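Thank you for making time this morning. I would like to walk you through the packing and the charged pairs of one protein model, and I will take questions at the end.

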Amino acid sequence: MAHASSGSLSVAPATPEDWALVRSWAAEEGWNPGLSDVPAFFAQDPGGFFLGRVDGEPVSAISVVNYSDAYAFLGFYLVRPERRGLGHGLATWRAALTHAGDRSVGLDGVPAQQDNYRRSGFSTAYRTARFVGEVPAPDRPVTGVVPAERVDPAVVAAYDSACHHADRPRFLSAWLTTPGHRALVRVVDGRPTGYGVVRPAQDEARVGPLFADTPADAAALLDALAAEARDFGAARIAVDMPEANPAAARVALERGLEPTFETARMYTGPVRPVARERVFGVTTLELG
């Protein structure tokens, strides 16, 4: 269990109740967090979330979520604006990273922090762009897309594992069933050819993951997910698309989505290969 102090800063594991505050910080930063992400995040690794306090007041946060014996993901690296420049961020970072042990660690870094991450041993693999906009209803109904609960969970988990650096059954089970999340699977000739999830968020509804065999499969899923978002009252969606799959941006642009900000996917070491051509949208910038 990571626990460290720096001057008057104390870093210790956080609870889901603590993380409601951190979610509000993320919203202030314009990260557009999902409204009900926390239970699924903590389902993966309850000990992977950390809060820094000064005299009992929360001032910093970070997550280092372990997915397997070989892979972890870092996110939610935040320091309150009025507390920046005092070393609290670095102290929080160092304390939390011990939780990863000798695992390779991934993160999605904003441009302003990428040099700092490089100094901490991270190397850039590719860039990711957030595409945002209103997807118009298609001319004809979307066919071949069904709710995830109608598909064998083991089949969905196997598809997910091909697109992620580690198996993540605990996270996935929660992510697909969290209240408010709408999970859809594309099925062609009785075989899954992709799946995606859309959820309410602070601003635009967030799509993630968006995994698909082909651009046509991704487009069908994106249209169907946008319809689900409209159903719960969100006219606009946001999806984080990796430049490692150039077809992803084409699918987004064809639907009128526009790139807004970008991040860089970075790693400290080797990671299990994924089917990059299937990754049209990452699950979250917070947990990879």
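I will begin with how to read the model, then go to the nonpolar cores and finish with the salt bridges.

This is a predicted model, in which local features need pLDDT of at least 70 and side-chain atom pairs count only at pLDDT 80 or more, while totals for chains, interfaces and linings use all residues. Residues are numbered from 1 along each chain as its sequence is written, and side-chain values use heavy atoms, with hydrogens and water left out.

A nonpolar core here is a set of buried Ala, Val, Leu, Ile, Met, Phe, Trp, Tyr and Cys residues joined through side-chain atoms within 4.5 Å, where buried means under 20% relative accessible area, exposed over 50%, and partly exposed in between, with a 1.4 Å probe and protein chains only. The largest such core has 41 residues, and Trp 19, Val 22 and Tyr 195 touch the most other members. A second, separate core of 29 residues includes Leu 222 and Phe 280.

Turning to charge, a salt bridge is a side-chain nitrogen of Lys or Arg within 4 Å of a carboxyl oxygen of Asp or Glu, and by this rule there are 22. One of them joins Arg 168 to Asp 160 at 2.8 Å, N to O, and both of these residues are buried. Another pairs Glu 286 with Arg 206, with the closest N and O atoms 3.8 Å apart; Glu 286 is buried at 4% relative accessible area, and Arg 206 is buried at 1%.
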